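Here are my notes on this one, point by point. Have the viewer open while you read.

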Amino acid sequence: MFDRLDQLESQARALELSAAQRQHLTGEVVAYVDRFYRESPGRPMYQYTDDMGAGILDAPISPDPIDIGEALRLLHRHVDSPGLNPTAPGHLAYIPAGGLYPAALGDYLSAVTNLYSGIFFVAPGAVRLENMLLRWMGEMVGYPADAAGNLTTGGSIANLTSVVTARDAHGLKPKDYARSVVYLSGERHHSIDKALRIAGFTEVVMRLIDMDAAYHMRPDALAAQIDADRQAGLNPWLVVANAGATNTGAVDPLTEIGQIAHDRGLWFHVDGAYGAFFALCEPGRERLRGIERSDSVIMDPHKSLFLPWGSGAVLIKDRRTMLASHHYSPSYLQDVEGGEELSPADLSPELTRSFRGLRVWLPLKLFGTRPFAAALEEKMLLARYFRARMAEADGFEVGPEPDLSVVLWRYVPARGDADAFNAQLVEAVKRDGRVFLSSTRIDGVFWIRLAVLAYHTHKDTIDLAIDVICEQAAALERA
Ligand SMILES: *Cc1c(COP(=O)(O)O)cnc(C)c1O
C-alpha cells in the first residue's frame with residue numbers, strides 16, 4: 001500500500017506548482033494578453049477562419065500534459081480568432097460587450113484566493129463586499145437600505161430569482177396558476193418567458209399590453225386590462241416593465257406603471273438588465289424615474305457597467321420575501337447559520353459560487369464611479385447624434401428618439417423589397433468588418449439596430465459606422 005501511495009503522490013504532485021513554475025505560466029499568459037490587446041483593434045469585427053474553431057477538437061482532453069505555449073497557441077488559433085470580436089469599440093450590435101481589464105484581474109484574484117462567498121461565516125469580508133455593492137446598486141435605484149439582493153451570473157438568472165420571489169410573495173400554488181395573470185410588454189426580453197416557464201407557469205395567462213409609437217407600454221391599457229381581468233374572476237399577479245428594452249432601448253413609464261401595480265396589489269418587476277445602470281448619470285436617472293416603485297429590479301454589470309460576461313444583479317425591495325423563497329437550513333451546515341449580513345446562499349438558487357463580487361468591485365474602486373457616469377451619458381448622446389445624422393442622410397428612415405442608447409433605423413430603397421435590402425445591408429457591413437450591427441423585426445418590419453454600449457465606443461466610431469453604412473447602402477443601390 002505504501003508503495004502505491006508513493007507512486008500516486010509523485011503523480012498527483014504535478015498539480016502543485018513551484019513559485020518559478022507559477023511565474024512562468026503567468027508570464028506567458030500576460031504576454032498573450034498584451035498581444036490580444038495589440039491585435040484586437042486591427043481584427044475584423046467578425047472573423048471567418050478556415051474551420052471556424054473545429055480544430056480545437058483535434059486536441060482532445062487526455063492523460064498527457066501540454067505546455068502553456070502550446071495551450072495558448074490552440075486558444076489563439078481555434079478559440080479567440082473565429083467569430084465576433086466582442087471587445088472592440090466597433091461592436092454596435094445586440095447589447096455590446098464590455099471587458100474592463102480590472103474585472104479580469106478581479107476574476108484572477110478571486111480564483112486564486114477561492115473564498116467561499118456563499119456564506120457569511122466562511123468568508124465574512126467577501127459577503128460584506130458583495131452586500132455593499134448590492135446596497136450601492138439599491139441606492140442607485142432608490143431602494144431602502146434593507147432591501148436584499150444577489151450578484152448573479154447574468155440577467156436571466158436574476159429574472160428567474162425575481163419571478164420565483166414574486167410567486168411565493170403572492171402565495172401562488174400550482175392550482176392558482178391557470179387563473180393568474182402576468183402583464184408584459186410585447187418588447188419584454190425572452191428570459192422573462194423562460195423564467196416563467198422554469199418557475200412552473202406554463203399555464204399562466206399572459207397579457208401583452210399595447211405600446212405607444214415609441215414602444216412604451218401604455219399605462220391606460222394596462223390599468224384597463226387588469227380591471228377587466230379582475231372582473232372576469234382572474235387573479236392579476238405580476239407586471240413586468242422594461243427599463244431599457246433590448247430591441248428598442250425603450251424605458252416604460254415606470255412611475256405610472258408602479259402606481260397602477262401598487263393600487264391594484266400586483267407585484268411590479270422592472271427588467272433593467274440593459275438599462276438600469278444608466279441611473280449613474282443625470283439624464284439616465286431622469287429617464288428611469290419611477291424605478292424605485294418596483295418590488296424587484298434586475299441590472300447587468302456585464303452590460304451597462306462594461307464588465308466582461310458573467311455579472312448580473314437582482315434586488316428585491318422586501319428582503320423577507322427573497323429569504324422566504326431561497327433560504328434553507330441543511331443539517332450539515334448547522335455551524336454556519338446567521339451573522340450580521342445576509343448570505344448569498346440564502347438569497348439565490350446557488351450554494352457554491354465564485355466570489356464574483358470582486359470583478360465588480362475592483363474596476364469600481366480603481367476607476368471611481370465618475371468615468372462610468374460620464375461614459376453612460378456619452379453613450380446616450382452618441383445614440384442621439386447617430387439618429388440625427390441618419391435622419392438627414394439620403395434614403396434612410398429612423399425609429400423614435402432613443403430613451404437610452406439603442407437606435408432603430410433602416411434604408412428605404414428606391415425600388416425592390418426594403419426588408420431584403422436591409423438584410424443585405426447588415427451582411428455587407430459585417431463583411432466590410434470595420435463595425436458590427438444587428439437587425440430585428442418589430443410588428444413585422446425589419447429594422448437595423450445600432451446599440452452604443454462598449455466603454456470605448458466614442459464619436460470617431462459612430463462617424464466610422466455612418467461612413468460604412470452609407471458606403472455599403474450606396475453600393476447595394478448600384479448593384
Ligand atoms: C440581456 C438582457 C436580459 C438577459 O440577461 P443575460 O445577462 O443575457 O442573461 C434580460 N433582459 C434584458 C432587457 C436584457 O437586455
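1. Quick one to start: is Tyr215 buried or exposed? Tyr215 has a relative accessible area of 11%, so it counts as buried (under 20% relative accessible area; exposed is over 50%, and partly exposed is in between, with a 1.4 Å probe and protein chains only).

2. Before going on, some ground rules. This is a predicted model, where local features need pLDDT of at least 70, side-chain atom pairs count only at pLDDT 80 or more, and totals for chains, interfaces and linings use all residues. Residues are numbered from 1 along each chain as its sequence is written, and side-chain values use heavy atoms, with hydrogens and water left out.

3. Overall build. The chain has 17 helices and 13 strands (DSSP runs numbered from the N terminus: H or I of at least four residues for helices, E of at least two for strands). For 479 residues, a compact globule would have a radius of gyration near 23 Å, and the chain's 25 Å agrees with that (taken over C-alpha atoms; the rule is 2.2 Å times the number of residues to the power 0.38). Along the principal axes, the C-alpha atoms fill a box of roughly 80 × 60 × 40 Å.

4. Packing and surface. Buried residues account for 49% of the 479. Take the contacts (heavy atoms within 4.5 Å) between residues at least 6 apart in sequence: 75% of them join residues at least 24 apart. The chain exposes about 22,600 Å², with carbon and sulfur atoms supplying 55% of it (Shrake-Rupley, 1.4 Å probe; for residues, only the protein chains shown count as cover).

5. The ligand site. Gly155, Ser156, Asp271, Asp300 and Lys303 come nearest among the 14 residues around the ligand (near means a heavy atom within 4 Å). Ligand oxygen atoms sit 2.6 Å from an N or O atom in the side chain of Ser156, 2.8 Å from one in the side chain of Thr246 and 2.8 Å from a polar side-chain atom of Lys303. The protein covers 86% of the 380 Å² of accessible area that the ligand has on its own. Two elements, α6 (155-169) and α12 (301-304), each give two or more residues to the shell, and α6 has the largest share with three.

6. Shell make-up. The shell residues split into two nonpolar, nine polar and three charged. Here Ala, Val, Leu, Ile, Met, Phe, Trp, Tyr, Cys and Pro are nonpolar, Asp, Glu, Lys and Arg are charged, and the others, Gly among them, are polar.

7. Arg356 deserves a look. This residue is in the loop between α13 (319-326) and α14 (357-367), yet counts as buried at 6% relative accessibility. Its side chain reaches the backbone oxygen of Leu151 at 2.8 Å. Arg356 and Thr153 are 203 residues apart in sequence but 8.2 Å apart in space, C-alpha to C-alpha.

8. Thr440, in strand β12 (438-442), is buried at 14%. Its side chain makes a 2.6 Å polar contact with that of Asn247 (N or O atoms within 3.5 Å; within protein, one able to donate a hydrogen and the other to accept it, and sequence-adjacent residues count only if both atoms are side-chain atoms).

9. Backbone check. Most residues other than glycine have a negative phi. Tyr215, in the loop between β5 (205-209) and α9 (219-231), has phi near 70°. Asp443, in the loop between β12 and β13 (445-451), has phi near 50° and is exposed at 71%.
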